[in-house]
Structures are given as structure tokens and as C-alpha cells.
Amino acid sequence: MSENKKVIYIVGMGPGSISGMSGDAVEALHKSDMIIGYTVYVDLVRQHFPDKEFKTTPMRQEIERCRICFDYAMEEKQVAMICSGDAGVYGMAAPMFEMAEGYPEVELVVIPGVTAANSGAAALGAPLNHDYCVISLSDLMTPWELIEKRLAAAAMGDFCMAIYNPSSHHRADYLKKACDILQKNGVEPERACGYVENIGRENTACEVCTLAELRERQVNMFTTVFIGNSRTKIIGGKLVTPRGYVLPDPAV
């Protein structure tokens, strides 16, 4: 951290509970005068930091949220921007760094958090235990044609996949479309899959299923979907991707 620079912490808060945050994340929030973020995320931490000032913006006002952070930092406030999961995974770290070019007096410090791919995988078992990729089905920032290419490439590369933003009110059939793309590119209907809703929060729900079954499931925007690779299997109700170790025969 440079001397004489104003600092903004960009904090990955993990699934949302205090117990799911790193010590560095909690320390950064304690150090801050102001905690700024999306309304839903701020509501998750507000009770744990009652002496702080809070500022929120709704969905789709992310750039305004960034501007507010810099404005308060320039007023000598110690600011923390909070993001769910990790701030550098579909989070606010990138736009903050892009905007920082106009604020040379400000230094950004990113505090990592547990992203949904990792926390969801832990809830399901070990579905990402080999090479994997993370793909968002949201076409707000990425054209659907490019998302299709990424799904096809992941299928052809036999990657395990963590799928973010699988559905919303305006994209109710996107998960079904994604499953169809995967099948067209070699993923068999029997492929082991799973999904987790409300990861790390109240009413967390986990399900394991096949790709064919997943295609017919209704999920929401608080769900993360996992597609196994060709070796992934369901063991005792858990989704497991073998790393490749040679294990002893349990019958011996």
C-alpha cells in the first residue's frame, strides 16, 4: 500500500455470512468508514457492522456504485466496496480498476473471497477436482452467440463446468438451451451434474442429477449449476470428479 494514497478496499464477501468471509475481509470492513454495495449484499452484513455508514445501489447501477466509492474516497472516507463471492469473478474489481484511471490519488486493494464455484462445489462434494471452467449464461454483457461457443468449447475439451446465472425471469429457458448445446457437442444425457441454490445461506439446497434431468429442472438466479466431465460420478449422493489417483481395491 503506497503512502499518501487514498485506499478503497474491494472486498469479496463469499456466500454472505460472516463465517464465510476471510479474516482479511472482515478486517477491511472493520477499518472502513463506509460500506458500499448492491442492496442485497449490504443487507447481509449490515447487522455485523452497526457503527458503519452504508450506501447501496440496485441492480444495473454498478457503474454508479463505483463512482460513489471514488467520490467518498476523495472526501477522505475509508471506503469498502463489497461483492458476493470473489470481487474478481463476475464482480466489481474490473470496473473499479477501469474507473481508477481517472483517480490517480486512489489505490485499490482487492480482498479475495470464496466464489460460488468453490462454495457450491464444496456443498455438492468434489465436482471441480480436475480441470474446469466457469461460464455465465447471462447475456446482459456477453452475446448469446459467444456463450454458445464457450459452452461448445468446454464440452469438446471435456472440462468440468460451473455455470453461473443459469436462469432469470427473462431467461427462463437458458439452462435448457445450454444443456442442448452440450449434448450437441458430445456430452451424453447420462452425464453426472448437480446444482446448489442459496449457497452458504439459509435454505441452501443441493441436488445431483443427470444432464437429461438437469435440462428439465427449473432453477433461479441464486443457483449455481455444475456439469461433470466424462469421468465424474455420483458417490453416496455427492458429485465427484476423480483426480486420477490409482486407489486400492476396496475388496482386498
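**View 1. Buried residues along helix α5 of this predicted model.** Helix α5 covers residues 116-124. Look here for the buried residues A116, A117, S119, G120, A121 and L124.

**View 2. Helices α6 and α7 packed together.** How do we describe a pair like this? Two packed helices are described by the angle between their axes and the distance between the axes. Here, helix α6 spans residues 144-156 and helix α7 spans residues 174-184. Their axes are 9 Å apart, and the helices pack at an angle of about 45 degrees. Because of that angle, α6 is oblique to α7. The crossing of these two helices, α6 and α7, is right-handed.

**View 3. Y174 in helix α7.** Is Y174 buried or exposed? Its relative accessibility is 11%, so Y174 counts as buried, since buried means under 20%. Now find L137 as well: Y174 and L137 are 37 residues apart in sequence, and in space they are 7.0 Å apart from C-alpha to C-alpha.

**View 4. A nonpolar patch on the surface.** Which residues form this patch? They are M59, M221 and F222, and together they have about 290 Å² of accessible area.

Note on methods:
Residues are numbered from 1 along each chain as its sequence is written. This is a predicted model: local features need pLDDT of at least 70, side-chain atom pairs count only at pLDDT 80 or more; totals for chains, interfaces and linings use all residues. Side-chain values use heavy atoms; hydrogens and water are left out. Patches are made of residues with over 30% relative accessible area and no salt bridge: like charges are joined within 9 Å, nonpolar side chains (Val, Leu, Ile, Met, Phe, Trp, Tyr) within 5 Å. Accessible areas come from the Shrake-Rupley method with a 1.4 Å probe; for residues, only the protein chains shown count as cover. A salt bridge is a side-chain nitrogen of Lys or Arg within 4 Å of a carboxyl oxygen of Asp or Glu. Axes are lines fitted to C-alpha atoms, for helices over the stretch in contact, and angles run from 0 to 180 degrees between N-to-C directions. Helices (H or I, at least four residues) and strands (E, at least two) are DSSP runs, numbered from the N terminus. Angles under 35 degrees count as roughly parallel, over 145 as roughly antiparallel, 65 to 115 as roughly perpendicular and the rest as oblique. A crossing is left-handed if the near helix is turned anticlockwise from the far one by less than a right angle, and right-handed if clockwise. Buried means under 20% relative accessible area, exposed over 50%, partly exposed in between (1.4 Å probe, protein chains only).
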